[in-house]
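Please open the structure in your viewer and keep the selection tool ready. The stops below each tell you what to select and then what is found there.

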Amino acid sequence: MALDDLKAALPEYAKDLKLNLSAVIGNSDLPEQQLWGTVLACAMATRSPAVLRELEPEAKANLKPEAYNAAKGAAAVMGMNNVYYRTLHLLSDKEYGSMRAGLRMNIIGTPGVEKADFELWCFAVSAINGCGQCLDSHEAVLKKAGVEREVIQASIKIASVIQAVAATLDSEAAIASI
């Protein structure tokens, strides 16, 4: 199992991450599509070759093709949106926020999967990318769709653990190459 390989690759000082990987992915209560879509979108958002190498094949095996593509699409569109909307939030000149973005985001309207699942993946990627405006926006859509706080929290946990694993493995790889 790729999850076991990922845990085995972590150094001893990251034992908490090993345990948390088991908890948030291996023992998740999320439905398979929500879980593996979140895992794939988050793995892509980390940009970590090590994390993608281990988690992408398992996500692909656990997702229908349309969900696999939608999760990748969530990571892609949020990579753009998180930069754009985080920047608008950070700028002192709030006039930029009233200007038309003019950026294509068609996948958000027609993701090819249940809207709530796609929104959950967008939310998790936004957590990794640190866009408060996107987090608020996607959380509001999720709540309106009746998604429980525990499900939203589960996606935050998945995002945080995958991001920490990626940072640890990529840092160790960099140290090893010095």
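Helices here are DSSP runs of at least four residues, numbered from the N terminus. Keep in mind throughout that this is a predicted model.

**Stop one: helix H3**

Is H3 largely enclosed by the rest of the structure, or is it open? Of its 15 residues, 12 are buried, so H3 is largely enclosed by the rest of the structure. Among the buried residues of H3 are Trp 36, Gly 37, Thr 38, Val 39 and Leu 40. To see what covers the buried residues, show helix H2 (15-26), helix H4 (49-62), helix H5 (65-90), helix H7 (115-129) and helix H9 (149-176), which are included in that cover.

**Stop two: Thr 38**

Stay in helix H3 and select Thr 38, which counts as buried because its relative accessibility is 0%. A polar atom of the Thr 38 side chain lies 2.6 Å from the backbone oxygen of Gln 34. If you leave aside the neighbours within four places in sequence, Thr 38 is in contact with Leu 120, Trp 121, Ala 124, Ser 155 and Ile 158.

**Stop three: the salt bridges**

How many salt bridges does a search of the whole structure find? The search finds 3. Side chains of opposite charge can pair when their charged atoms come close.

Begin with Asp 4 and Lys 7, whose closest N and O atoms are 3.5 Å apart in their salt bridge. Both residues lie in helix H1 (residues 2-9), where they are 3 residues apart, about one turn of the helix. Asp 4 is partly exposed, with a relative accessible area of 39%, whereas Lys 7 is buried, with a relative accessible area of 18%.

Next select Lys 115 and Glu 119, whose side chains meet in a salt bridge at 3.0 Å, N to O. Because they are 4 residues apart in helix H7, about one helical turn separates Lys 115 from Glu 119. Lys 115 is partly exposed at 35% relative accessible area, while Glu 119 is buried at 3%.

Then move to helix H8 (residues 132-144), where Lys 143 and Glu 139 are 4 residues apart and therefore separated by about one helical turn. Their side chains meet in a salt bridge at 3.2 Å, N to O. Lys 143 is partly exposed, with a relative accessible area of 37%, and Glu 139 also counts as partly exposed, at 25% relative accessibility.

**Stop four: the surface**

Switch to a surface display and select Leu 91, Tyr 96 and Met 99, which make a nonpolar surface patch of about 280 Å². Tyr 96 lies in the loop between H5 and helix H6 (106-109), and it counts as partly exposed because its relative accessibility is 38%.

Now select Thr 110, in the loop between H6 and H7, which counts as exposed at 63% relative accessibility. Thr 110 is 40 residues from Ala 70 in sequence, and their C-alpha atoms are 9.4 Å apart in space.

Finish with Ala 176 in helix H9, an exposed residue with a relative accessible area of 66%. Ala 176 and Pro 11 are 165 residues apart in sequence, and 12 Å apart in space from C-alpha to C-alpha.

Notes. Residues are numbered from 1 along each chain as its sequence is written. This is a predicted model: local features need pLDDT of at least 70, side-chain atom pairs count only at pLDDT 80 or more; totals for chains, interfaces and linings use all residues. Side-chain values use heavy atoms; hydrogens and water are left out. Buried means under 20% relative accessible area, exposed over 50%, partly exposed in between (1.4 Å probe, protein chains only). Helices (H or I, at least four residues) and strands (E, at least two) are DSSP runs, numbered from the N terminus. Contact means heavy atoms within 4.5 Å. Patches are made of residues with over 30% relative accessible area and no salt bridge: like charges are joined within 9 Å, nonpolar side chains (Val, Leu, Ile, Met, Phe, Trp, Tyr) within 5 Å. Accessible areas come from the Shrake-Rupley method with a 1.4 Å probe; for residues, only the protein chains shown count as cover. A salt bridge is a side-chain nitrogen of Lys or Arg within 4 Å of a carboxyl oxygen of Asp or Glu. A polar contact is a pair of N or O atoms within 3.5 Å; within protein, one must be able to donate a hydrogen and the other to accept it, and residues adjacent in sequence count only if both atoms are side-chain atoms.
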